[in-house]
Amino acid sequence: MRHGDKINNLGRTASHRAALLSNMTCQLIMHKRIVTTLAKAKALRKYAEPLITKGKENTTHQRRTVFSYLQDKEAVTELFGPIAEKIGGRPGGYTRIIKLGIRQGDNAERAMIELVDFNEIYGKGKGEVKEAAKKTRRSRSTTKKADEAAPETPAAE
């Protein structure tokens with residue numbers, strides 16, 4: 001039974017799976033979209049999106065962290081260069097998975113995974129660089145509750 005087991009092992013050992021996801025992430029970064037099976041695309045999204053988030057902050061520590069996952073200098077340079085400046089204002093959701101139907105040979109579900117900001121067909125943000133959104137931290141306000149809890153009530157006699 002696999003109750004609560006959230007990782008998709010993809011029928012591979014841990015080292016093989018890490019190498020597969022690392023290579024697929026490098027190809028996604030270099031080519032901006034790749035076609036693979038649906039299960040691999042979903043596993044790749046969980047692997048690649050945190051690395052893309054790290055790419056938004058261009059520090060030596062973040063570069064070394066990403067390089068430890070990818071082991072590809074060109075992919076790291078691409079991630080911290082053009083990709084980081086294009087996704088700078090996006091708070092998350094850097095990839096899109098589009099189902100493509102089944103593969104003829106083995107009936108596997110195929111999917112295309114792509115970087116959202118690099119699709120010219122949808123063209124919503126074509127040619128514009130987004131600024132980082134203002135981050136807000138919302139918490140419960142105790143002043144509002146204190147004003148509502150203590151209204152002026154006439155004394156009961």
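Just after helix H3, Gln 71 takes a positive phi of about 55°, where helices (DSSP runs of H or I, at least four residues) and strands (runs of E, at least two) are numbered from the N terminus. This is a predicted model, in which local features need pLDDT of at least 70 and side-chain atom pairs count only at pLDDT 80 or more, while totals for chains, interfaces and linings use all residues. Residues are numbered from 1 along each chain as its sequence is written, and side-chain values use heavy atoms, with hydrogens and water left out.

Within H3, which spans residues 60-70, the residues Gln 62, Thr 65, Val 66 and Leu 70 are buried, that is, under 20% relative accessible area, with exposed meaning over 50% and partly exposed in between (1.4 Å probe, protein chains only). Seen down the axis of H3, these buried residues fall within an arc of 125°, so they line one face of the helix; the arc is that of the directions from the helix axis to the C-beta atoms. The face turned away from this buried side carries the exposed residues His 61 and Arg 64. The buried residues of H3 pack against helices H1 (14-31), H2 (38-55) and H4 (73-86), contact meaning heavy atoms within 4.5 Å.

Strand E3 (residues 109-115) has five of its seven residues buried, so it is largely enclosed by the rest of the structure. Its pairings, which require at least two DSSP bridges between two strands, are as follows.

| Strand paired with E3 | Bridges and direction | Residues opposite each other |
|---|---|---|
| E1 (residues 33-37) | five, antiparallel | Val 35 and Met 112 |

In the hairpin of E2 and E3, which has six residues between the strands, Asn 107 takes a positive phi near 65°.
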